[in-house]
Amino acid sequence: MPSVRLFVPRDAGALAVGAEAVVAALQVGMIRRGVAADIVRTGSRGLYWLEPMVEVATATGRIAYGPVTPVDVEALLDAGLLSGGSHALRLGPPEEIPFLKRQTRLTFARCGIIDPLSLDDYHAHGGWRGLERAIAMAPSDVVETVVQSGLRGRGGAGFPTGVKWRTAAQAAAPQKYIVCNADEGDSGTFADRMIMEGDPLVLIEGMAIAGIAVGATRGYVYVRSEYPHAIATLREAIDVARRAGYLGSGVMDSPHAFDLEIRVGAGAYVCGEETALLDSIEGKRGQVRAKPPLPAHRGLFGSPTVINNVLSLAAVPFVLAEGAAAYAVLGVGRSRGTVPIQLAGNVKQGGLFETAFGLTLGDLVDDIGGGTASGRPVRAVQVGGPLGAYFPRTLFDTPFDYEAFTARDGLIGHGGIVVFDDTVDMARQARFAMEFCAIESCGKCTPCRIGSTRGKEVIDHIIRGEGDPAVHLALVADLCETLKFGSLCALGGFTPYPVMSAIRHFPEDFDR
Amino acid sequence: MAATEPWQAERAAEIIAAGAREKGATLPILHALQATFGHVPQEAIPMVADALNLTRAEVHGVVSFYHDFRQAPAGRHVLKLCRAEACQSMGGDALAAQAQAALAVGWRETSADHAVTLEPVYCLGLCATAPTALVDGQPIGRLTSARLLALLDELRT
């Protein structure tokens with residue numbers, strides 16, 4: 001049995017830049033040399049500019065190399081890759097890479113390190129301890145622990161997770177459900193995908209804890225169809241967990257029953273909205289429901305339902321294992337714990353950066369992200385996905401927390417930051433926000449369905465230099481007011497954020 | 001990409017019967033039909049409606065609501081190009097224009113040789129390696145103009 005272990009990600013982001021070809025080249029190269037090593041397929045560490053990243057286990061810990069192309073493999077093997085030998089691509093111990101060293105990884109503690117489908121790996125790295133503790137506690141104490149941790153929904157709305165759980169726990173019903181929202185549709189976000197591909201058992205553990213806490217025996221994970229690799233890995237992980245007794249009629253030999261299944265979306269962005277998502281699982285068009293009733297009272301199939309984002313549920317095992325205080329001690333103000341931030345787009349060092357709330361936007365973009373990939377000046381960043389505001393450099397002192405972003409007419413959403421250089425045309429970005437709303441509107445609210453189309457047309461006039469821009473801009477502002485106050489959900493309600501922020505902060509792009 | 005089967009009512013009936021036991025079975029059944037036949041054939045709509053005790057209009061409403069469900073067969077390969085902001089910031093719009101020109105198609109259209117169907121996608125979650133695409137389910141990151149044209153050549157031969 002070979003004693004050397006190599007680690008190469010199977011994360012879709014690594015596969016997209018050639019990880020599979022690197023594995024093939026490694027296998028050929030090793031056979032030719034008559035040497036052997038186990039190639040463990042992990043999730044990604046989230047340092048995407050260094051992917052494909054290859055790691056080797058040595059006596060003094062892991063040594064990373066990257067970005068590795070198949071062409072580099074021969075030279076790497078010659079340089080002693082299998083024993084951590086020196087080479088131009090050698091990055092040293094991965095945890096010493098500044099991008100990783102500066103993080104506080106709680107939710108992503110295992111991601112990129114373990115084999116995502118190995119129960120042994122998961123257990124050896126602290127897995128199942130949260131579930132064990134939850135089983136030993138009264139369900140109401142589990143709920144209160146999550147309340148005390150200060151964990152807020154990581155999907156975008158920032159609603160306290162524990163309060164949602166408490167509401168569902170107090171609802172009396174023969175059947176309750178836990179639904180995981182894995183419809184991660186915001187451009188610039190990929191943290192949910194990374195968890196599902198790199199550490200899916202933590203999500204399963206979090207859902208089982210939620211089930212025990214509120215008395216739900218059945219769970220659904222609604223995963224978007226754009227994530228075929230996440231779906232495949234999560235499906236295998238559910239099978240692995242079920243076979244080992246972590247799901248089923250007696251979770252870890254307790255009296256609690258909990259099982260779950262995956263439902264695959266079908267390309268509708270609006271299904272990331274929780275009530276549209278519930279309709280979609282029920283087999284209907286993904287149309288938004290009016291609230292009340294809250295899903296915690298009448299949710300999936302009319303039953304009390306907890307619906308949480310992947311990252312919220314994946315944070316729960318840590319909260320239970322280490323206690324509410326260990327989580328709540330991190331962060332600022334009412335934003336407690338850590339937030340997995342995703343640096344994306346035209347950024348030099350793009351990837352996953354989990355940190356306590358409170359770093360400024362400038363720290364994140366300039367310092368941690370290293371500026372643009374193109375090398376040109378950063379002109380704008382969009383925070384929080386297609387419904388998030390565009391921020392100019394003058395607002396880079398904004399601390400990354402829910403309230404600070406709200407105070408500056410923005411939102412942190414799911415924690416994605418998309419960087420644009422100085423070639424960006426902000427009128428086109430504003431137009432796209434309207435166009436996207438028109439394409440993805442579920443059609444229920446007239447301002448969203450029709451207003452977005454009219455908004456796109458008016459911005460087209462501005463872009464083509466037709467008529468008086470001041471008149472057009474007044475009309476756009478008016479439309480945005482109507483969208484904001486006349487839409488049931490965030491799609492229509494928040495489309496004004498990117499549109500109006502682009503106009504407010506980059507007026508020169510609208511005067512032509 | 002996985003070869004699709006020609007329409008066969010018995011085959012469709014099997015798929016529908018296997019899925020109909022689940023609660024909220026519409027989407028799983030439609031996905032299974034599309035995986036088998038490459039699209040959701042018109043003939044299947046009344047069968048699904050019948051099995052799930054829905055009207056044909058309701059099933060059609062679901063099929064037409066979701067961008068994924070095709071009502072006509074795709075080409076031999078499906079190229080999904082990401083059109084969302086992170087890919088825009090890295091030149092995604094230019095690549096999209098290039099793909100459309102090279103294939104002489106618009107969005108959701110198939111090239112005349114039936115080789116490639118071009119579909120827009122709003123985010124593949126590969127936003128730190130933009131611009132990105134999904135070719136028959138395989139992800140591609142850091143896409144360049146040269147790589148795109150080479151890929152299209154490959155798909156069309």
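1. Starting with chain B of this predicted model: the C-alpha centres of its domain 1 and domain 2 sit 29 Å apart. Domain 1 of chain B covers 9-65, and domain 2 of chain B covers 77-156.

2. Over in chain A, have a look at strand S16, residues 416-421. Six of its six residues are buried, so S16(A) is largely enclosed by the rest of the structure.

3. Which residues of S16(A) lie on each side? A:Gly416, A:Val418 and A:Phe420 are on one face, with A:Ile417, A:Val419 and A:Asp421 on the other. Both faces are covered, and all of these residues are buried. As background, side chains in a regular strand alternate between the two faces of the sheet.

4. Now for the strands that pair with S16(A). Strand S12 of chain A (residues 338-345) pairs with S16(A) in the parallel sense, over four bridges. Strand S14 of chain A (residues 378-383) pairs with S16(A) too, but in the antiparallel sense and over five bridges.

5. A:Ile417 is a handy place to look at this pairing. In S16(A), A:Ile417 has A:Leu343 standing opposite, and A:Ile417 is also the bridge partner of A:Val383.

6. Still in chain A, helix H8 (residues 161-170) is mostly covered, with seven of its 10 residues buried. Those buried residues are A:Thr161, A:Gly162, A:Lys164, A:Trp165, A:Arg166, A:Ala168 and A:Ala169.

Note on methods:
Residues are numbered from 1 along each chain as its sequence is written. Chains are lettered from A and ligands numbered from 1 in the order in which they are written. This is a predicted model: local features need pLDDT of at least 70, side-chain atom pairs count only at pLDDT 80 or more; totals for chains, interfaces and linings use all residues. A residue is buried if 20 or more other C-beta atoms lie within 10 Å of its own, exposed if 12 or fewer, and partly exposed in between; C-beta atoms are placed from the backbone. Helices (H or I, at least four residues) and strands (E, at least two) are DSSP runs, numbered from the N terminus. Two strands pair if DSSP finds at least two bridges between them. Domain bounds come from an automatic or database domain assignment.
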